[in-house]
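Let's take a walk through this structure together. We will begin with the whole chain and then stop at a few individual residues.

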Amino acid sequence: MSSDQKLSLDADYARAIAPYASYVPPVPTDAESLRKQNDFMINTVMSLFPCPARSRVAETELSYKSADGTELKLHRFDPPASSSTPAPAGRPCVLYLHGGGFVSGSVTSFRKDIIRYAAETRLTFYAPAYRLSPEAPFPKPLEDAYAALEFLRDNAQEQNIDPKRIGVMGISAGGGLAAGLALEARDKKFVPAIKKLVLIYPMLDDRTRIGEDHPLNEYLTWTNKKNEIGWRAYLGGAGARTVSSPDASVYAAPARAEDLSGLPPTYLDVGGLDLFKDEVNAFGAKLLAGKVDVEFHLYPGVPHAWEWLSHECPVTQKAVNNRIFALRSL
């Protein structure tokens, strides 16, 4: 994109966010201030998010252990059984990884999002309470996600799921974790292989940044500064020590992987006014080069996480419906 290219908000989205357009969040200075800001904003917008299906989705809490022995919570969300046919044994399921820039967010704060997709797809969703950075930098959050995947496979009969039909869905930083998880599962020859990968505006590349005069800056909800802080917090672990370090692990920053062959069929979407637009597009191209089945959607005129304040906008409804359709392919 040239620096003089004209950009604009989707008209319906602009009208939806008009009541909130005057709010300008303070610039975060470190992971702690970014966490406070993110959690405030996530909890605020989620409180406005309609969730009529909530009463029809049952939530239970399980426990599992990560690679280092840390005990973590795994939340299970069960949709109502079909009224026309009984629930078959060995149902497909989705491992859901929440967003928050690696430093914030929780299963609780993303609960309404999970409930929506569980209700609309009639799939059981599992959401691990993975550890956050900088307290738990890479590889710990990824180890938490991998251990959750192992838990689903190893307890498939007890959980009444089909281990050959496990999908992984990740939102933003959770999308980066999901992509890293898929790479690690491929390289470790995890069996059965992940059936489907659904990446919603995933955070994939620690090298992403734009110039101060770039026209995109006017529209960013996730900025250069936030991105730098999030990556710096996450890349504090072994093999990924600093932002843009040449030895950053491809499992931490999946955009660094050159060979994406052997990954599951992948769904990708991102807004045209998202800082991640180019890295997501490049990741999709690498998937295609690796002969992976790819479904990619670029939604013009909307920024990162646009759907939280624009529930009834056509662009939001279209994106949500496309995600639901992709998940139903499990």
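What follows moves from the overall fold to backbone details and then to some side chains.

Please keep in mind that this is a predicted model. Its secondary structure comes to nine helices and eight strands. If you set up a box along the principal axes, the C-alpha atoms fill roughly 55 × 45 × 40 Å.

The interior and the surface come next. Buried residues account for 56% of the 330 in the chain. The accessible surface amounts to about 14,200 Å², and carbon and sulfur atoms supply 53% of that area. Contacts tell us how the sequence is brought together: of those between residues at least 6 apart in sequence, 78% link residues at least 24 apart. As for charge, you will find 37 positive and 39 negative side chains, and the centres of these two sets are 4 Å apart.

Most peptide bonds are trans, and most residues other than glycine have a negative phi. Pro139 sits in the loop that runs between strand S4 (124-128) and helix H4 (140-154). Another cis bond leads from Val191 to Pro192, and its omega is near -5°. Pro192 also belongs to a loop, here between helix H6 (173-187) and strand S6 (196-200).

Asn160 is not a glycine, yet its phi is positive, at about 60°. You can find Asn160 in the loop between helix H5 (156-159) and strand S5 (161-171). Lys291, likewise not a glycine, has a positive phi of about 65°, and its loop lies between helix H8 (277-289) and strand S8 (294-299). Are these two residues buried or exposed? Asn160 has a relative accessible area of 32%, so it counts as partly exposed. Lys291 reaches 77%, which means it counts as exposed.

Let's turn to Gln37, a residue in helix H2 (residues 31-47). Its relative accessibility is 8%, and because buried means under 20%, Gln37 counts as buried. What does its side chain meet there? The side chain of Gln37 makes a polar contact with the side chain of Lys226, at 3.1 Å. Leaving aside residues up to four places away in sequence, Gln37 touches Pro25, Pro26, Pro28 and Lys226.

Our last stop is Val24, in the loop between helix H1 (11-17) and H2. Val24 has 66% relative accessibility and therefore counts as exposed, whereas Gln37 is buried. How far is Val24 from Ile324 in sequence and in space? They are separated by 300 residues along the sequence, and their C-alpha atoms are 32 Å apart.

Note on methods. Residues numbered from 1 in each chain as written. Predicted model: local features only at pLDDT ≥ 70, side-chain atom pairs only at ≥ 80, totals over all residues. Heavy atoms only, no water. Helix = DSSP H or I, 4+ residues; strand = E, 2+ residues; numbered from the N terminus. Buried < 20%, exposed > 50% of the residue type's maximum accessible area, 1.4 Å probe, protein only. Contact = heavy atoms within 4.5 Å. Areas by Shrake-Rupley, 256 points an atom, 1.4 Å probe, with all protein chains shown as cover. Lys, Arg positive; Asp, Glu negative; His and termini not counted. Charge placed at Lys NZ, Arg CZ, Asp CG, Glu CD. Polar contact = N/O pair within 3.5 Å; in protein donor to acceptor, adjacent residues only side chain to side chain.
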